[in-house]
Amino acid sequence: AHQDEHNCVVIIYCFLDSNCSAINEMTEVSGNIQLPSLEEDDEGTLDEPVLTTLKRDGKAIIKKCFHVLIPYRADKSLLHDWDLWGPLILCIMMAVLLHSKDDSGDHTVHFLHVFLLVWGGAAIVTINAQLLRGKVSFFQSVCTLGYCLVPLTIALIVSRILLIFAGTTFKLMFTIKVIVVSASLVWSVWASLGFLSNYLPADRKALAIYPIVLFYFSIGLLILSQHNAF
């Protein structure tokens, strides 16, 4: 039973991080998943200190976010080194910030709504690209779309700050909010296309780009629809 629990932890970790080498180095499968011993797995990462793993993954997340914010200097090879930790953190941040109530106390946007919109939307966009014979894998595309939420996440934070100080200047604050969200929307689309455009078929690129724009546009509308600070 202890071995089965250990195997489950390994599979979940490797599902979220493409750097994990344990699954690729499994020696044999006959009923139970057999893992190599620590002596044989010198290049593995499961036996390293937790703090070392967190530092490495944290640096990788920051590096990917940096390349999203400066897409013209982006390293396209990062697409092959995908992970879902960064998109998960950004999704949780957006879900928490968008979770709000109206004046009557009823919830206007739930945490689950945002969570499903982000992951469901990214999955649909990816499946559409693959049906159009795109050459990007499912998790690479979801990772890219998730990381390209960075500009919209920043816009959401700015939007929340503006709502706190809106007061009698609501129209002015809303105008600034529209400008910020619109710029972030263009930035997210630009960054995602910078990573994915080369993997999309040239003759069907418009059909693949349209869902990407619609995906980020729907999130931008969700940010603009919020009128209460917290």
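The crossing of helices α3 and α4 is right-handed, a crossing being right-handed if the near helix is turned clockwise from the far one by less than a right angle, and left-handed if anticlockwise. Before I go on, a word on the source: this is a predicted model, in which local features need pLDDT of at least 70, side-chain atom pairs count only at pLDDT 80 or more, and totals for chains, interfaces and linings use all residues. Residues are numbered from 1 along each chain as its sequence is written, and side-chain values use heavy atoms, with hydrogens and water left out.

Back to α3 and α4. Their axes come within 8 Å and cross at roughly 145°. Axes here are lines fitted to C-alpha atoms, for helices over the stretch in contact, and angles run from 0 to 180 degrees between N-to-C directions. On the α3 side the contact (heavy atoms within 4.5 Å) has P87, L88, C91, I92, M94, A95, V96 and L98. These meet F111, V114, F115, V118 and W119 in α4. By class, that contact has 13 nonpolar residues, no polar and no charged ones. Nonpolar covers Ala, Val, Leu, Ile, Met, Phe, Trp, Tyr, Cys and Pro; charged covers Asp, Glu, Lys and Arg; the others, Gly among them, are polar.

Now the other partner of α3. Helix α3, residues 85-98, and helix α6, residues 150-164, have axes that come within 10 Å and cross at roughly 25°. The two are therefore roughly parallel to each other; the cut-offs are under 35 degrees for roughly parallel, over 145 for roughly antiparallel, 65 to 115 for roughly perpendicular, and oblique for the rest. This crossing, α3 past α6, is left-handed. From α3 the contact takes L90, M93, M94, L97 and L98, and from α6 it takes V150, L152, T153, L156, I157 and R160. The residues of this contact divide into nine nonpolar, one polar and one charged.

Next, the aromatic rings. How many aromatic pairs does a search of the whole structure find? Six. Rings of Phe, Tyr and Trp (its six-membered ring) pair if their centres lie within 6.5 Å; planes under 30 degrees apart count as stacked, over 60 as edge-to-face and the rest as tilted. W82 and F139 are a stacked pair, 5.1 Å centre to centre with 15° between the planes. This pair links distant parts of the chain, 57 residues apart: W82 sits in the loop between α2 (50-69) and α3, and F139 in helix α5, residues 138-147. F138 and F139 have ring centres 5.4 Å apart and planes at 90°, so that pair is edge-to-face.

Buried or exposed? I use under 20% relative accessible area for buried, over 50% for exposed, and partly exposed in between, with a 1.4 Å probe and protein chains only. W82 is buried at 14%, while F139 at 26% counts as partly exposed. F138 is also partly exposed, at 30%.

One backbone item: R133 has a positive phi of about 70° although it is not a glycine. R133 lies in the loop between α4 (111-131) and α5 and is exposed, with a relative accessible area of 65%.

Finally, the whole protein. It has eight helices and four strands, where helices (H or I, at least four residues) and strands (E, at least two) are DSSP runs, numbered from the N terminus. The order from the N terminus is α-β-β-α-α-β-β-α-α-α-α-α. Of the 230 residues, 42% are buried.
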